[in-house]
Amino acid sequence: MINRRHVLRGSGIAAGAAALGLAGISPASAAGQPSPPAFLPLPESVKPLPVNADGYRLERVGRNGYVLIYQYVQSVFVVTRTGVVLVDAPPLTSKVLRAAIASVTNKPVTHFFYTHSHADHVAGVTNYPRATRIAHRDTATLLTLHNDPSRPKPHVVINEDHKVLYIGGEEIHVVYPGANHESGNILVHFPAQGLTAMSDVVMPGWAPYRAWGNADYLPGILAGHDAILGTDFTTYVGGHIYRTGTRAEVRQSREFFLDFWTTTQKTLGNISLPEIQAGLAEPLNGWAAQKVWIDRIAQSVMSEMIDRWGTKIAAVDTFTADCAGAAAVSILTDAPVDFP
């Protein structure tokens, strides 16, 4: 049982400041408010590993694969016979990513994979203007709509759900399991390196980010897990937080998702919207009734998930209520049949 005195019930000012790299700014000085209650302690297995003098960690994976970890974002690159294949370029890493690549090879970046369109993962791509940009067709559509000079349209558009490319002698599998975190969010797998990257689907050892990271289609998160586990990897890269992941951690994340979804489904049936609406001062205020209903569902789900998972994975006491609200809406509106 989790000690409830250590569970945050409101917003996470301290966590938000840390996530934005605002080290040294106290929650009180940043918001003009008293510090919030303490969060549950992080498991040792998720805490940052040592970094170099430039503040980043470069892990070698296989013979010629690499993972850059800088603060709370990650990028992948593989050195081929003809150049470097890069998967994602978070703008936060603009300086250190170029330094990391140069530390292991003098070859240029020849190819760039957009995992998806979100700026926090790919808006550093313009640092590699000569690279051939590759993306799924749905990501290409979103990039066109964004019309952001820092996220230019791809040169190569992938239409298939599973495409095998050969670049510089490296075999690369591109898998699209359908809409998930974002429509067009792909998995990139390097079999020879035992390396799989898929951003924002699994955060190894961590509970999901707020509202599942603005996910397009929550049921697709499960398909994303299955796609990852369908590859022969030893190292998984999820795009965020301080470490790479193992197969066991991806399985654990899948178990958490299933528990979360089924708990939300059950709670939806146990808390009555008509009773809540009847108890309001103005029962015709449908938005107010929905808010009270979803908030009660979210708090109930959060309580259960903290009890079962609070000592197993990190940050279950941060965004779980937001994620439960998003899951409740998805269950009601996406309404997938025979899921999960």
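Guide: A cavity here is a set of points, on a 1 Å grid over the protein atoms alone, where a 1.4 Å probe fits but cannot get out; points are joined across faces, edges and corners, and the volume is the space filled by probe spheres set on them. The structure is a predicted model, in which local features need pLDDT of at least 70 and side-chain atom pairs count only at pLDDT 80 or more, while totals for chains, interfaces and linings use all residues. Residues are numbered from 1 along each chain as its sequence is written, and side-chain values use heavy atoms, with hydrogens and water left out.

Lining residues, which have an atom within 4 Å of a point, include Q74, S75, V76, D88, M198 and G238. Strand β3 (residues 73-79) gives the largest share of this lining, three residues; strands are DSSP E runs of at least two residues and helices H or I runs of at least four, numbered from the N terminus. In total there are three cavities of 30 Å³ or more.

As for packing, the largest nonpolar core has 42 residues, and I228, Y236 and F260 have the most contacts inside it. Such a core is a set of buried Ala, Val, Leu, Ile, Met, Phe, Trp, Tyr and Cys residues joined through side-chain atoms within 4.5 Å, buried meaning under 20% relative accessible area with a 1.4 Å probe, protein chains only. Helix α10 supplies the largest share of this core, nine residues. Another core, of 22 residues, lies apart from it, with Y66, L68, V84 and V109 among them.

Terms used
Buried < 20%, exposed > 50% of the residue type's maximum accessible area, 1.4 Å probe, protein only. 1 Å grid on protein atoms, 1.4 Å probe; cavity = no way out; pocket = protein on both sides within 12 Å on 5 of 7 lines; lining within 4 Å.
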